[in-house]
Amino acid sequence: MINCGNPRAQYQAHQAEIDAAVLRVLEKGWYILGDEVRAFEAEFSAYVGVAHGIGVGSGTEALHLAIAACGIGPGDEVITVSHTAVATVAAIELTGATPVLVDIDPKTFTLSSSGLAAAIGPHTKAVIPVHLYGQPADLAPILRIAREHNLRVIEDCAQAHGAIYRGRKVGAWGDIACFSFYPTKNLGAIGDGGMILTNDADLAERVRLLREYGWTERYVSQSRGWNSRLDELQAAVLRVKLRYLDADNVARRKWASFYDEQLAECQLILPETIPEADHVYHLYVVRSTDRNGLQNFLRAGGIGALIHYPVPVHLQPAYKCRLRGSDQLAETERAAREVLSLPIYPELTQAEADQVVATVRRFQEKAA
């Protein structure tokens, strides 16, 4: 089976360095919030181009703590999209705030700035643009609208490590930004992990307090907080992989270009990139009016194409009929019916990519 993503292949590509990093941590005997975490926080924040990085337990917790650090809670509203991992909306609700959903741009799958402007109300405190599939959201109009209404901008960069918008990496544009290091990400750990980035020293200090019980000294909570800490093993692995992130993203773009060229004549809608952006193709997502048929045909041919995401958040059982904006998400619902992610990762081989293309073409010929 050719998987949609392949974390094991990435481990094998850098096995000697990763094994040495893990052994270094094990021999040192310090496993939570130590030298490896501090070094990775400094290296990753420098890579993105921001002043402060705070390692946390997951991408979901990064969003949760970032929203809380902005002083957002019960009675407040946060605008985001429904075409995203449920974590984006779940994190808003973890703070007690209310999610308000807007539709996506059908070409980029990211937050529609016109939808944002229409959704702002007296209780709106923030907007979370999601850089979905490795595609930067169109941040310029989002930031302009947010500034006009005094809203915090919290970037969800969980799928966009290294993506660039107008010459600057995503994560360096908003008030605060959140990354996930889930194993399948462009920069993936061997377990859960997350990072919060900001140029605001006060926000950074609030996040540090929130991630560890509000401690300013051990066992003494000066404020309320949680337990969400990046561990030393994950940080050590991520430090190794960070050195290869740009090269890995180049490889992802190479495979995306190959698919673009080879699938151009197929009856599919291929990914588009906004002119001001460098897409990093966490996922290569096509659209098909017979998505389920295509997915089943690919699976029968040994290709594990996946759907990101089959059910929008507002239609999932836990959220259905209770999220504001749910009745104005036509493009979101259409995308959920049509999107399919083809295999893409840096270690994909030419033979595997050729097999993907040939199988898609056979499906198109069969359907013609």
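User: Where is glutamate 212 placed, and why is glutamate 212 called buried or exposed?
Analyst: Glutamate 212 is in the loop between α8 (201-211) and β10 (215-217), where helices (H or I, at least four residues) and strands (E, at least two) are DSSP runs numbered from the N terminus. Buried means under 20% relative accessible area, exposed means over 50%, and partly exposed lies in between, with a 1.4 Å probe and protein chains only. Glutamate 212 has a relative accessible area of 16%, so it is buried. This is a predicted model, in which local features need pLDDT of at least 70 and side-chain atom pairs count only at pLDDT 80 or more, while totals for chains, interfaces and linings use all residues. Residues are numbered from 1 along each chain as its sequence is written, and side-chain values use heavy atoms, with hydrogens and water left out.

User: What is glutamate 212 in contact with, leaving aside its neighbours within four places in sequence?
Analyst: Contact means heavy atoms within 4.5 Å. On that basis glutamate 212 is in contact with Leu33, Trp226 and Arg229, its neighbours within four places in sequence being left aside.

User: Which value puts phenylalanine 109 in the buried or exposed class?
Analyst: The value is 6% relative accessibility, so phenylalanine 109 counts as buried. Phenylalanine 109 lies in the loop between β3 (98-102) and α6 (113-119), and its phi, near 65 degrees, is also positive in a residue other than glycine.

User: Why is phenylalanine 297 called partly exposed?
Analyst: Phenylalanine 297 has 23% relative accessibility and therefore counts as partly exposed. It is found in helix α11. Residues up to four places away in sequence not counted, phenylalanine 297 touches Thr359, Arg362, Phe363 and Lys366.

User: What makes tyrosine 165 and tryptophan 173 an edge-to-face pair?
Analyst: Rings of Phe, Tyr and Trp (its six-membered ring) pair if their centres lie within 6.5 Å; planes under 30 degrees apart count as stacked, over 60 as edge-to-face and the rest as tilted. By this rule there are 14 aromatic pairs. Tyrosine 165 and tryptophan 173 are 5.2 Å apart centre to centre with 75 degrees between the planes, and the pair is edge-to-face. Phenylalanine 258 and tyrosine 259, at 6.3 Å and 50 degrees, form a tilted pair.

User: How do you know that a charge sits over the ring of tryptophan 173?
Analyst: The test is NZ of Lys or CZ of Arg within 6 Å of the ring centre and within 35 degrees of the ring normal. The charged end of arginine 168 sits over the ring of tryptophan 173, 3.8 Å from its centre. Likewise, the charged end of lysine 169 sits over the ring of tyrosine 47, 4.4 Å from its centre.
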